[in-house]
Amino acid sequence: MILNDMIAQLQTVAPEDFAEEWDNVGLLVGDRKQDVTKVFIALDADEAAIAQAKAVGAQLLLTHHPLIFSPLKKVNCDHFISARVVELLRSQMSYYAMHTNFDAAKMGELAAKRMGLTVEAPLADLFERDGKTYGIGVVGNLAEPETLGGLCAVVKDAFQLDTVKLFRAEVDRISRVAICPGSGKSTIRDAIAAGAQVLITGDIDHHSGIDAVAQGLSIIDAGHYGIEHIFIEYMEQYLKEHLEGVEIFAQRRRDPFIVL
């Protein structure tokens with residue numbers, strides 16, 4: 001399958017113009033005319049993902065997080081980012097990223113579905129396309145009220161986590177929940193404005209957490225990778241269903257750190 005045709009299919013999932021202005025999505029390395037018979041999916045385009053993609057003979061590496069954010073002034077092996085670009089080119093492997101465009105189009109709803117959360121609306125950075133409102137994260141209601149401890153257990157089960165970090169505000173039962181997969185510190189105000197009692201997200205620092213609690217919002221920090229790894233499973237299934245004659249490979253679960 002020609003890569004440009006594959007990109008057209010990817011854009012039906014998450015159009016590139018759904019991405020935030022600061023983001024860098026789409027075809028970051030490679031040739032749109034390349035013939036692709038094998039795709040490897042990962043969350044990050046790190047050395048391990050590139051090596052695994054190369055090992056299975058993939059002509060396309062597809063990730064959630066973009067390898068290139070800041071402009072590269074040189075493409076050589078002196079810096080780890082440009083060295084990865086060199087390795088991709090050496091391996092005749094194209095590279096495509098679906099980041100905040102996937103967040104706006106799919107990620108929040110996918111996470112909410114795993115939680116059994118009925119989605120009411122997107123949470124932040126709202127925009128409209130074809131009469132539908134999109135945005136980062138979602139807010140909605142649980143089918144039945146939960147305790148904070150019970151909700152933490154639901155989160156761990158939904159995303160296959162051993163631990164979560166809880167910033168606890170005083171509340172008996174939780175019914176209204178916001179979820180922002182990835183790094184959600186910037187959505188705390190939106191969660192409060194939406195009437196959420198709990199925000200489920202990742203990358204919450206000490207001061208952001210305690211300030212949220214002071215405003216009556218509990219936060220369950222499930223980690224950045226902890227929630228967003230669902231991108232891999234979703235895209236693996238989607239591509240297997242929609243790309244005829246293309247082999248799809250997916251990186252196994254690999255948390256980027258360990259808790260001792």
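Visitor: Which residues form a nonpolar patch on the surface?
Guide: Leu72, Val75 and Leu89 do, with about 250 Å² of accessible area together. This is a predicted model, where local features need pLDDT of at least 70, side-chain atom pairs count only at pLDDT 80 or more, and totals for chains, interfaces and linings use all residues. Residues are numbered from 1 along each chain as its sequence is written, and side-chain values use heavy atoms, leaving out hydrogens and water.

Visitor: What counts as a patch?
Guide: Its residues have over 30% relative accessible area and no salt bridge, with like charges joined within 9 Å and nonpolar side chains (Val, Leu, Ile, Met, Phe, Trp, Tyr) within 5 Å. Areas come from the Shrake-Rupley method with a 1.4 Å probe, and for residues only the protein chains shown count as cover. A salt bridge puts a side-chain nitrogen of Lys or Arg within 4 Å of a carboxyl oxygen of Asp or Glu.

Visitor: And where is Val75 found?
Guide: In the loop between β3 (60-63) and α3 (80-90). Helices (H or I, at least four residues) and strands (E, at least two) are DSSP runs, numbered from the N terminus.

Visitor: New topic: what order do the strands of the six-stranded sheet have?
Guide: The order is β5-β6-β8-β9-β10-β7, in an open sheet with mixed pairing; strands pair if DSSP finds at least two bridges between them. The edge strands are β5 (117-129) and β7 (165-167).

Visitor: How many bridges join β5 to β6?
Guide: Nine, and the two strands run antiparallel. Phe127 has Tyr134 in β6 as its bridge partner, while Val119 stands opposite Gly140.

Visitor: What about the hairpin of β5 and β6?
Guide: It has two residues between the strands, and Asp130 takes a positive phi near 50 degrees.
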